[in-house]
Amino acid sequence: MKKSRAGKKRSLSGGGGKNRRTSTGVDPFFSSGTKKQRKLHDDIVDSSDSDDEAGEPPVHEGGEEESELAAETADEKRLRLAKEYVESFRALKKRREEEDEDEEEDGEGPDGYEDGRGPKGDLLVAEKLLQEQLEQSGRVRRVIASRVEKPDSDDGFRLIRRHRQSVTAVALSEDDAKGFSASKDGTIFHWDLSSGQSEKYLFPTKEVLISHGAKTPQNPSTSWSKHVLSLAVSSDGRYLATAGLDRHVHLWDTRTREHIRALPGHKGPISCLAFRHGTSELASGSFDRSINLWNADDRAYMETLLGHASEVLAIDCLRKERLLTVGRDRAMMLWKVPEQSHLIFRASASSLECCCFINNEEFLSGSDDGSIELWNFMRKKPVCIVKNAHSIPSSDDRVDSKENGIVCNGDKTANGNCTWSTCSKAQSWVGAVAVCRGSDLAASGAANGVVRLWSIESATKSIRPLYSLPLGGFVNSLAFAKSGHFLIAGVGQEPRLGRWGRVSDAQNGVFIQSLKLSEE
């Protein structure tokens, strides 16, 4: 059952009106002034990318060019961007042909066209675009799992960013060049994967938060907490959203690392966030059992989805206007936002803790009993269950981590050996699952000392184990690179949603695992 808290409902794709025109140069989201003043700039479109990187307003030269950009409609802009996208493929094709065919000194393509056009060139471009569209829609899946080579013993997880307290969430930008992480102490880092340099986001003062839209808390000791439980980055890399115990969704400008808006509306801690791919639409799940929808461009609340009987724990979203959520009511829900309906999937004997889309029709979940489940939207029960996916190591496996390279997740004695007195069933609790987008490669993490890689077999509707990657501590968040060449893990001494367990010798931080893929 879905209800709306707003007097006027708006669809997930609407947000800003039917004929709303977007701006890439003069962004009303980061400009000051009244709505009427910002509306004057909605039709101005800047085609320069350097201005966005510098974070400065563009300077238009020439009255004719400016008038043409101002008169450009939304449809004309989409057509222009599509043509630029196709031309980029043609340019790439031409460069490859010039490298492979040194004998063509005149620079012409095989079709007799200097710019790579022609029947054969256009056919290759069309095939590339069709392949990308099929992969994004989930109708074609990239085969990556079978190409993952077994990692060497000395090629394990590597620490790239240390945190003072347990890391609760990690995320990667669309180009996999930058990453974001947050922890229980309220620190938010933005780090570069190539250089290793990191930058910190600083929360503004209470006065600034109130001026940015934050509501004055009734219980300041709890509501002003900087404890972050989740974060998400938009597909275009402009917005970073964070949320936690203060019951607000915070929007940040990733170019300047400045806080730009606080979105109130939830009555409980916010446990999960997800941007819809390709848009600025944001969904947030809370302990108040509700899911709120927002539009980051408009800094506006859209509507509320109700249906869970207990706290919402995890959320995921792809390009379609669909949401996937799990709650403590042992239910996973697939929300069809335009149809204003949802499907309910229930686990048999366990409580679901995390979830993610594989494609628009399949999804993966992790449970508190150490199992992971494969689901299909046509069935209300899992099509495949891997029990004891993160079971506690047996007595034969409980040896010194220095001897076999395994990162111990128990306490250590004076001689350095592991004691497993603190190990319990809670450490097999699956706290994170992730899928490499558009592929058959998946990963899951718990607190039993390993991150496991899996192959999703759609033909047989099964989950096949690949490799176990040693990593100590509670794995609270996982994120794959789009290429599948590395995996990011957010690890802490404590679980993400609570303090019911502790691995005292684990390191709080962000770890990276390189994955070697064989050639197709």
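A salt bridge is counted here when a side-chain nitrogen of Lys or Arg lies within 4 Å of a carboxyl oxygen of Asp or Glu. By that criterion, a search of the whole structure, which is a predicted model, finds 11 salt bridges. Side chains of opposite charge can pair when their charged atoms come close.

## Salt bridges

| Salt bridge | N to O distance |
|---|---|
| Glu199 and Arg257 | 3.1 Å |
| Asp236 and Arg238 | 3.6 Å |
| Arg502 and Glu494 | 3.3 Å |

The salt bridge between Glu199 and Arg257, with its closest N and O atoms 3.1 Å apart, links distant parts of the chain, since Glu199 belongs to strand β5 (residues 198–201) and Arg257 to the loop between β8 (249–253) and β9 (258–263), 58 residues apart. Glu199 has a relative accessible area of 38% and is therefore partly exposed, and Arg257, with a relative accessible area of 30%, is partly exposed too.

In the pair formed by Asp236 and Arg238, Asp236 has a relative accessibility of 47% and so counts as partly exposed.

The side chains of Arg502 and Glu494 meet in a salt bridge at 3.3 Å, N to O; Arg502, at 47% relative accessibility, counts as partly exposed, whereas Glu494, at 9%, counts as buried. Salt bridges that share partners extend this pair into one network that joins Lys184, Glu494, Arg499 and Arg502. Arg499, a member of that network, is placed in the loop between β29 (486–492) and β30 (509–514), and with a relative accessible area of 70% Arg499 is exposed. Apart from neighbours within four places in sequence, Arg499 is in contact with Lys184 and Glu494, and the side chains of Arg499 and Glu494 also make a polar contact of 3.1 Å.

Strand β5, which carries Glu199, is part of an open sheet of 4 strands in the order β2-β3-β4-β5, with antiparallel pairing. The edges of this sheet are β2 (167–172) and β5, each of which has a single partner strand, so that one side of each is left without a neighbour in the sheet. From one strand to the next the twist averages 20°. Strand β4 (residues 188–192) pairs with β5 in the antiparallel sense over 4 bridges, and the bridge partner of Phe189 in β5 is Lys200.

A further open sheet is formed by 4 strands in the order β14-β15-β16-β17, again with antiparallel pairing. Its edge strands are β14 (312–317) and β17 (341–346), each of which pairs on one side only, and neighbouring strands of the sheet are turned by 20° against each other on average, direction ignored. Strand β16 (residues 331–336) runs antiparallel to β17 and is joined to that strand by 6 bridges, with Lys336 standing opposite Ser341 in β17.

## Two buried serines

Ser351 is found in the loop that runs between β17 and β18 (352–357). Although this serine is in a loop, its relative accessible area is 10%, and Ser351 is therefore buried. When residues up to four places away in sequence are not counted, Ser351 touches Arg328, Arg330, Gly366, Ser367 and Asp368.

Ser290, by contrast, lies in a strand, namely β12 (residues 290–295), and is buried, with a relative accessible area of 0%. The side chain of Ser290 makes polar contacts with two side chains: that of His266, at 3.3 Å, and that of Asp288, at 2.7 Å.

Technical notes:
Residues numbered from 1 in each chain as written. Predicted model: local features only at pLDDT ≥ 70, side-chain atom pairs only at ≥ 80, totals over all residues. Heavy atoms only, no water. Buried < 20%, exposed > 50% of the residue type's maximum accessible area, 1.4 Å probe, protein only. Polar contact = N/O pair within 3.5 Å; in protein donor to acceptor, adjacent residues only side chain to side chain. Pairing = 2+ DSSP bridges. Axes fitted to C-alpha atoms, helices over the stretch in contact; angles between N-to-C directions. Contact = heavy atoms within 4.5 Å.
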